[in-house]
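Let's take a walk through a protein model together, one stop at a time. Keep the picture open beside you as you read.

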Amino acid sequence: MTVAVDDALWSAVGDPTRRRMLDLLLSGDAGTATSLSEQLPVTRQAVSKHLGVLDRVGLVHATPYGREKRYRVDDEQFARAIAQLSAVGAAWDARLHRIKRIAEAIQRTQDDEANNGKR
């Protein structure tokens, strides 16, 4: 089973600061670069750059809010990211299950050879 991976999307959420920003936006519904920077250990300028990355991959969308922009998580793109992560997880679970079966077969063969040598 091959899972199509959106590298740009996962690169965007691969950064811990951006994941924390998504958490904050999801818990508060929306936020500005200023309001998010007050809750993160980075500058407002850094927050703006991170929001730009999230915006480019469609995870957030901005609307004008006075002199700033108010960002909200795009529910559809976020759901797509979650589905993709679940599919990747399932594919890796299947791979690990196959590796476990192979390792167990090798172990049984080695145990059989060891037991035959003792007789």
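**A guided walk through the fold**

Start at A62, which you'll find in strand β1, covering residues 60-65. (Helices, H or I with at least four residues, and strands, E with at least two, are DSSP runs numbered from the N terminus.) Before going on, some ground rules: this is a predicted model, where local features need pLDDT of at least 70, side-chain atom pairs count only at pLDDT 80 or more, and totals for chains, interfaces and linings use all residues. Residues are numbered from 1 along each chain as its sequence is written, and side-chain values use heavy atoms, with hydrogens and water left out.

Back to A62: its relative accessible area is 32%, so A62 is partly exposed. On this scale, buried means under 20% relative accessible area, exposed means over 50%, and partly exposed is in between, with a 1.4 Å probe and protein chains only. Now find M21, which is 41 residues away from A62 along the chain; their C-alpha atoms are separated by 14 Å.

Next, let's look for the inside of the model. Nonpolar side chains tend to be buried together in soluble globular proteins. A nonpolar core here is a set of buried Ala, Val, Leu, Ile, Met, Phe, Trp, Tyr and Cys residues joined through side-chain atoms within 4.5 Å. The largest one has 19 residues, and those touching the most other members are L22, L25, L36, V47, L51, L59 and V60. Which elements supply at least two residues each to this core? They are α1 (7-13), α2, α3, α4 and β2. The top contributor is α2, which gives four residues.

Now for the charged side chains. Side chains of opposite charge can pair when their charged atoms come close. We call it a salt bridge when a side-chain nitrogen of Lys or Arg is within 4 Å of a carboxyl oxygen of Asp or Glu. How many salt bridges does the structure hold? There are four.

One of them joins the side chains of R72 and D29, at 2.6 Å from N to O. R72 belongs to strand β2 (residues 68-73), while D29 is in the loop between α2 (16-28) and α3 (33-37), so this pair ties together parts that are 43 residues apart in sequence. R72 itself is partly exposed, at 38% relative accessible area. D29 has another feature to check: its phi is near 80°, a positive value in a residue other than glycine.

K100 pairs with E104, and their closest N and O atoms are 3.7 Å apart. Why are they about one helical turn apart? Because they are four residues apart in helix α5 (residues 75-118). K100 is partly exposed, with 48% relative accessible area, and E104 is partly exposed with 34%.

A charge sits over a ring if NZ of Lys or CZ of Arg is within 6 Å of the ring centre and within 35 degrees of the ring normal. R70 lies over the face of Y65, 3.8 Å from the ring centre. The charged end of R95 does likewise with W92, sitting over the ring at 4.7 Å from its centre.

Accessible areas come from the Shrake-Rupley method with a 1.4 Å probe, and for residues only the protein chains shown count as cover.) You'll find I99 in helix α5.

Finish at F78, also placed in helix α5. At 23% relative accessibility, F78 is partly exposed. From F78 to H50 is 28 residues in sequence and 16 Å in space, C-alpha to C-alpha.
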